[in-house]
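Grab a pencil and work through these exercises with the structure open beside you. Try each task before you read its solution.

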Amino acid sequence: MRQILIIDDEDDIREVAALSLEATAGWDITTACSGADGIRAAGDPKRRPHAILMDVMMPGMDGPTTFRKMQLIPEIAGIPVLFLTAKVQGVDQRRFAGLGVAGVLFKPFDPLTLASQISEALGWKD
Amino acid sequence: MTALSTIFSGLLLVSLFLVGSLALRLASRGRRQQRDIERLNEDLKRSREFAEQQRNKLALQSDLDTVKDEFIATVSHELRTPLTSIRGALGLLSAGLLGNVDVKAQNLLRIASTNTERLIRLINDILDLERMDSGRAPLKLRRCSMYDLAREAVDTMTTMADSAGIHFELTSYAPRDSIYFDADSDRMLQVLTNLFSNAIKFSPPGSTVSVQIDSNPNSLLLKVVDQGRGIPADRLEAVFDRFQQIESSDASKKGGTGLGLAICRSIIQQHGGAIWAQPNQSGPGTTLWVQLSRSARASDTGSAAVIAPPAQRGEGLILVCDDDPGIRMVVAEELRRHGYDILEASSGEEVLAIAMAQAAAALEVGTGEHARVPPISAILMDLYMPGLSGWETLQQLKALPATAAIPVVILSVIPQTDRPEQAGDAQGWVQKPFNENLLLAELGRVLGVKGGPGQVLLVEQDMELARVILDGFKEAGVRIDHAATLQQAVDRCLLGPPDLLILDLTLPDGDGFSLVDWLRRQPALRTLPLVVYSGREISEAEMMKLRLGPTQFLNKSKVQPREVEELVLAMVKRLRNPVAEQVA
């Protein structure tokens, strides 16, 4: 079963996204409410995620900062990261792409197709 | 001796008197010149102050734009976040993924979902427009086929069209190799799907939406013709403004955001093209026109002002003002081909700034550079523009001494017949989408009235006499047209009213009376100055039937063509400068 880590400071969005992925794809979801919390969760050897879905604008450490920190931790660096952002400006998108993330998905997402969007971005066939 | 000395002293007195009066006249001319210079200086000062104010306004405007852009981007982001939760929650519930929902609740969930989607589209559209307006969405131009793009857009809309019972018809009248143009294909598809989706939304089931492509050497033309309820004449331009729907319930019924056409116009303008709506000629419905240049020429969205003096080419310098760069481009190209020089302005504020700057420069005679700046001969101006409207700009132009004399021709989707009160100050009117002949005729007429060569129409069936009169006028630098028949005269008048008519009463296909009768029924022509040049005496009763505006009656057997010419020239001069006439 796929393990996904969702990092977002909005409780409601974490809950809706988790429900959506569980209900439509049957994936196993872990959530974290900040960048620091996310790095801790991703480093948990018992529940190492297959992919990380991360918000961009978060208080404290934002998405890009968290992503860069993750790349310095060998156990986490190999996990594909997808940004889930409410910023749709072209400038931001190009900036994200330059970071080396696996993809960018946009809010508000469609809860019925979020899982397939993730699969498509990561090239998952199942 | 006494007689001689009397004569001498008389002569002395006379010469003293002459010298004295000459000195007096010189002194008075000097005073007049002094007054003129003072007045010009006063004008110049006001012009400069005004230009300065406009510059400050523009600078402030640009700061405000930046703040506004950032604000909109932030607001859009902040709105998306809660919408993400709402959309997610509603989506999961109404899909029944978390257990069954009863029918009533299902319906409420559907309402909530539909409106959430609408709100999301609205935010996306606002952001889209904001990005284009701020120039943060540069076009990625590549060679595209208009036909392929239209085909793709039609295919995309097939599902929507089918469920609405609308038939799509795509026809290209353009030669195969002339449908290529430089465009950002994603943006162009966005325009096409938007236009098609509008056509579907406002068409009755069972009707056809026809998409037609045509081309000429310079541009591509795309028409979307629907058989819907149509757009009222006074809203044809307003539908391109933000949140302008024809009926207030359209947004909820049709699911639109009220921004679709504003986005289309913005994209088309970025491509240097034009988009406008027109009622169908036959039957109900609307035709949306898109005109695009075939060569790569994306316009920048910034200021269109070109202050640098262009090379003088003869016909005059026209300031073309329209917020639509596509229209400016088309008009400018047309006028340049006919020898006019063009300045462009994208707003009323720019018109005022440019007109003031030109007027100021023209007054600074003898200061090198500026002395060569040609004055603006006429302003061609749109009515509906963001910021200062055409009306407001017109009023400000007329209120300022330095610019009051510049003739203004309105270029608007509003027909002249609906010309409102404020139009009094405009010297001419051309309706959009414009016919190039009418545009040129109207401009020629306005320039003729205003100091340029006058436009006289000679209606004379005798070719030899006509030749003599024509030659005489041409030598005198007056533009003169000739009509040998009643029909030709009518056709010529329809192209644009002449300044004056010289009329022979005997015509091969009617007589002068029927022409005058027709002219009297034309609002634009009923006060035309007229010279009746006939071969016979005209009775008082006949004169009554022949009067238009200022009317003169001349008999061919008594008055030579040379004298007709002098009289007409005097009349034309008086027309051009009625104030000078009163003073003299």
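**Exercise 1.** How many bridges join strand β5 of chain B to strand β7 of chain B, and do they run parallel or antiparallel?

*Solution.* Keep in mind that this is a predicted model. Start by finding β5(B) at residues 219–225 and β7(B) at residues 286–293. Next, count the links: seven bridges join them, and the two strands run antiparallel. For one facing pair, look at L222(B), which stands opposite V290(B) in β7(B).

**Exercise 2.** Find the order of the strands in the five-stranded open sheet of chain B.

*Solution.* Walk across the sheet and you get β2-β4-β5-β7-β6, with mixed pairing. Now check the edges: β2(B) (167–172) and β6(B) (274–279) each pair on one side only.

**Exercise 3.** Work out how helices α12 and α13 of chain B pack.

*Solution.* First, locate α12(B) at residues 486–495 and α13(B) at residues 512–520. Their axes are 10 Å apart, at an angle of about 20 degrees. Angles under 35 degrees count as roughly parallel, so α12(B) is roughly parallel to α13(B). The crossing is right-handed. Then list who touches: L486(B), A489(B), V490(B) and C493(B) from α12(B), with S514(B), L515(B), W518(B) and L519(B) from α13(B). Sort these contact residues and you find seven nonpolar, one polar and no charged.

Key. Residues numbered from 1 in each chain as written. Chains lettered and ligands numbered in written order. Predicted model: local features only at pLDDT ≥ 70, side-chain atom pairs only at ≥ 80, totals over all residues. Axes fitted to C-alpha atoms, helices over the stretch in contact; angles between N-to-C directions. Helix = DSSP H or I, 4+ residues; strand = E, 2+ residues; numbered from the N terminus. Parallel < 35°, antiparallel > 145°, perpendicular 65-115°, else oblique. Left-handed = near helix turned anticlockwise from the far one by under 90°. Contact = placed C-beta atoms within 7 Å. Nonpolar A, V, L, I, M, F, W, Y, C, P; charged D, E, K, R; others polar. Pairing = 2+ DSSP bridges.
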